[in-house]
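This report goes through selected computed features of one structure. The sequence and the coordinates come before the text.

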Amino acid sequence: MINAVDDRGFPFHFDRAPLRIVSLVPSLTETLVDMGLEDRIVGLTKFCIHPDHLRRERTRVGGTKGVRVDVILDLRPDIVIANLEENDAQDIMALEIAGVPCWVCDVRTVERAFRLLSDMGELLGVSEKGSELEQKARESWREGRQLCNPGQNQLAAYAVWRDPWMWAGHDAYIQSVLQWWGWRTWPDLPRYPTIEMSQVVKAGVEMVLLPSEPFPFKEVHREECKGVPSQLVDGEVFSWYGSRMLKVPKHFIGHKGEKPQ
């Protein structure tokens with residue numbers, strides 16, 4: 001018997017571990033594979049790029065927003081793995097009305113991201129593997145923070161979109177990651193506020209981070225950050241939770257003494 005609760009407080013009860021899984025969260029698709037559950041994945045999104053071969057071997061159900069509910073229903077999943085922020089609430093509601101259990105997480109802090117690994121393991125009947133991944137993630141992040149400080153106490157703003165300029169707010173997982181690795185964060189506003197670059201400069205921001213996703217910032221976009229230093233960074237390092245967390249410390253330690261890439 002498996003008993004679990006998602007981040008909405010919804011309870012789940014299974015007589016056996018779910019065998020047919022649809023993942024609507026790219027970072028958690030990768031996590032399922034790292035938990036040894038690749039054979040159970042029957043559907044995923046077009047943005048589930050790690051590992052790359054899965055997109056060719058499993059049914060793609062659309063993007064993270066506006067998924068094909070009819071395609072998911074045809075796959076007869078035992079469970080759908082979703083995220084409160086990444087997926088549309090109406091899609092999840094439609095699936096649940098049709099009788100498909102949807103386990104929805106809400107990851108806004110590094111601490112929640114650590115615990116998520118164990119929670120997923122328990123939900124899917126691989127609790128030992130989930131606990132192992134959580135312990136490894138915690139240890140590697142603690143050790144990594146002792147070895148390097150990539151943020152160097154700079155006041156940083158992390159862009160998530162351009163035209164209009166949008167930024168990771170104080171309740172976004174991204175800001176929690178930045179703070180763990182030594183940055184001070186701006187803005188002190190919720191969600192993903194729209195703020196012009198001129199206001200970023202006036203706020204005294206010392207570094208603008210331009211990630212590779214969700215908007216694919218390039219070198220040319222640094223020219224729009226006049227008045228404040230900027231740096232292109234790997235978006236997966238700052239925004240992907242799940243087993244991808246185990247690769248984050250090596251990224252920063254590998255760039256010790258350098259600007260983050």
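The model is predicted, with local features needing pLDDT of at least 70 and side-chain atom pairs counting only at pLDDT 80 or more, while totals for chains, interfaces and linings use all residues. Residues are numbered from 1 along each chain as its sequence is written, and side-chain values use heavy atoms, with hydrogens and water left out.

**Helix pair**

Helices (H or I, at least four residues) and strands (E, at least two) are DSSP runs, numbered from the N terminus. Helix H1 (residues 26–34) and helix H5 (residues 110–123) have axes that come within 11 Å and cross at roughly 60°. This makes H1 oblique to H5. Angles under 35 degrees count as roughly parallel, over 145 as roughly antiparallel, 65 to 115 as roughly perpendicular and the rest as oblique. The axes are lines fitted to C-alpha atoms, for helices over the stretch in contact, and angles run from 0 to 180 degrees between N-to-C directions.

The crossing of H1 past H5 is right-handed, meaning that the near helix is turned clockwise from the far one by less than a right angle. Leu-28, Thr-31 and Leu-32 of H1 meet Leu-116, Leu-117 and Met-120 of H5, where contact means heavy atoms within 4.5 Å. By class, five residues in the contact of H1 with H5 are nonpolar, one is polar and none is charged. Ala, Val, Leu, Ile, Met, Phe, Trp, Tyr, Cys and Pro count as nonpolar, Asp, Glu, Lys and Arg as charged, and the others, Gly among them, as polar.

**Cysteines**

The disulfide count is zero, a disulfide being a pair of cysteine sulfur atoms within 2.5 Å. For Cys-102, the closest cysteine sulfur is in Cys-105, 12 Å away, which is too far for a bond.

| Residue | Relative accessible area | Class |
|---|---|---|
| Cys-102 | 1% | buried |
| Cys-105 | 0% | buried |
| Ala-82 | 0% | buried |
| Arg-244 | 12% | buried |

Ala-82 is part of strand S6 (residues 79–83). Leaving aside residues up to four places away in sequence, Ala-82 touches Leu-24, Val-25, Asn-87, Ile-92, Trp-103, Val-104 and Cys-105. Between Ala-82 and Pro-26 the separation is 56 residues in sequence and 9.7 Å in space, C-alpha to C-alpha.

Arg-244 sits in the loop between helix H9 (235–239) and helix H10 (248–254). With the same exclusion of residues up to four places away in sequence, Arg-244 touches Glu-30, His-50 and Glu-236.

Notes
Buried < 20%, exposed > 50% of the residue type's maximum accessible area, 1.4 Å probe, protein only.
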